[in-house]
Amino acid sequence: MNTLPLVSIGVITYNSSEFVVETLESVYKQDYPNIELIVSDDCSSDDTLEKVQQWISEFGHKFTKVEVLTTGKNTGITANCSRTLQQTSGEWIKFIAGDDILYPHAISSVISFVRRKKKEDVALVVSSVRVFEGHPDNLLYIWPTFKISDDIHEQLKRELIGGYIKSPGVFMKRAAMLKLGGFNPRYPMLEDDPMWIKCLTNGYKFYFNNEVLVGYRIHPNATSNGSCIPKKHFFPSLYAFKKEIAFPLMKKERLYFNYIVQHIECKIYNRLVETGKINRLDKLQLKILHHLDIFFLSIGCISYNYVALKKTTNTTEDDMMMGQAIHL
């Protein structure tokens, strides 16, 4: 009898023909024995489904359960993830885009990590991510390039500022996701940020596993990095999320500078969607705002790292003093 928890891997595809077999091969190579595979395709116009079906006919026997979900029309990333979530039965879920890869020990590493923290109610684990361009050998960088806070309030503030959690590295506990109501259909082209904010504001923090478990591919046609999503579809989701959820929380957390910067950015992008063009002044403003945003985010990270180091140093000094007192 298998005592290891069932883990669901949801492969999210849309016109993923070029890389989907590589993604599936990475799932097949997992050294964890109790996996169900769910592939959810969002009405691809290429031969993604044909490649998936052919691969499953040859290699699907390895998995506890295999299911392919299809839809008659393109519904967006959020709905695609929601369909997958509803069909999973694993204790843990790993969503992966149909152009990214899992490294062979990804699932076993997360389950071992969670078991080591059995005294804590872990529902979200985020691992280090290998970001590459095109071919996996073309390394760009290893994420994160900064220290991940273990404080939920700090995580919320950093996620509101933007770009804090690298979504390809996230592993989720199914029960917690269902308890929170799953992904928000209000934002059809933005599934991750609204979910992470919902988790953090409901008491679920991210636990960081520093092993590199996921490979995130950058390429011109990647739906997961937004480059092939038409701006007229993506920005309405982004702007609605910022206006309805992120901006009110930023003001509540007194992140006034970041609120102003992102508010101006959204106005410019909204104008771009409406007119189909961007003027020189808007370009200049975006460039300045982007650099200012990075600068203040860097200052915040340095400040957090300094405080964390000071706490560690003080704890070490206190332990040393306690040891000396005991010795005396």
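Author: Gladly! Let's start with a definition: a residue is called exposed when its relative accessible area is over 50%, and buried when it is under 20%. Do keep in mind that this is a predicted model.

Reader: Why is Leu281 called exposed?

Author: Leu281 has a relative accessible area of 54%. The cut-off for exposed is over 50%, so Leu281 counts as exposed. You will find Leu281 in helix H10, residues 280-327.

Reader: What makes Leu281, Leu284, Ile288 and Leu292 a patch?

Author: Nonpolar side chains are joined into a patch within 5 Å, provided the residues have over 30% relative accessible area. Leu281, Leu284, Ile288 and Leu292 form such a nonpolar patch on the surface, and together they have about 360 Å² of accessible area.

Reader: And Thr13, is that residue buried or exposed?

Author: Thr13 has 1% relative accessibility, and the limit for buried is under 20%, so Thr13 counts as buried. Thr13 lies in strand E1, residues 7-13. Leaving aside neighbours within four places in sequence, its contacts include Val20, Val39, Asp41, Thr48, Asn80 and Gly98.

Reader: How much of the protein is buried?

Author: Buried residues make up 47% of the 328 residues. Helix H9 has some of its own, among them Tyr259, Val261, Cys266, Ile268 and Leu272.

Reader: Why are strands E4 and E8 said to pair?

Author: Two strands pair if there are at least two bridges between them. Strand E4 (residues 92-97) and strand E8 (residues 170-173) are joined by 2 bridges, so they meet that requirement; they run antiparallel. Ile93 stands opposite Met172 in E8.

Reader: What about E6 and E8?

Author: Strand E6 (residues 124-133) is joined to E8 by 3 bridges, so these two pair as well, and they also run antiparallel. Here Val126 stands opposite Val170 in E8.

Reader: How many helices and strands are there in the protein?

Author: The protein has 10 helices and 9 strands.

Technical notes
Residues numbered from 1 in each chain as written. Predicted model: local features only at pLDDT ≥ 70, side-chain atom pairs only at ≥ 80, totals over all residues. Heavy atoms only, no water. Patch = residues over 30% accessible without salt bridge, like charges linked within 9 Å, V, L, I, M, F, W, Y side chains within 5 Å. Areas by Shrake-Rupley, 256 points an atom, 1.4 Å probe, with all protein chains shown as cover. Salt bridge = Lys/Arg side-chain N within 4 Å of Asp/Glu carboxyl O. Helix = DSSP H or I, 4+ residues; strand = E, 2+ residues; numbered from the N terminus. Buried < 20%, exposed > 50% of the residue type's maximum accessible area, 1.4 Å probe, protein only. Contact = heavy atoms within 4.5 Å.
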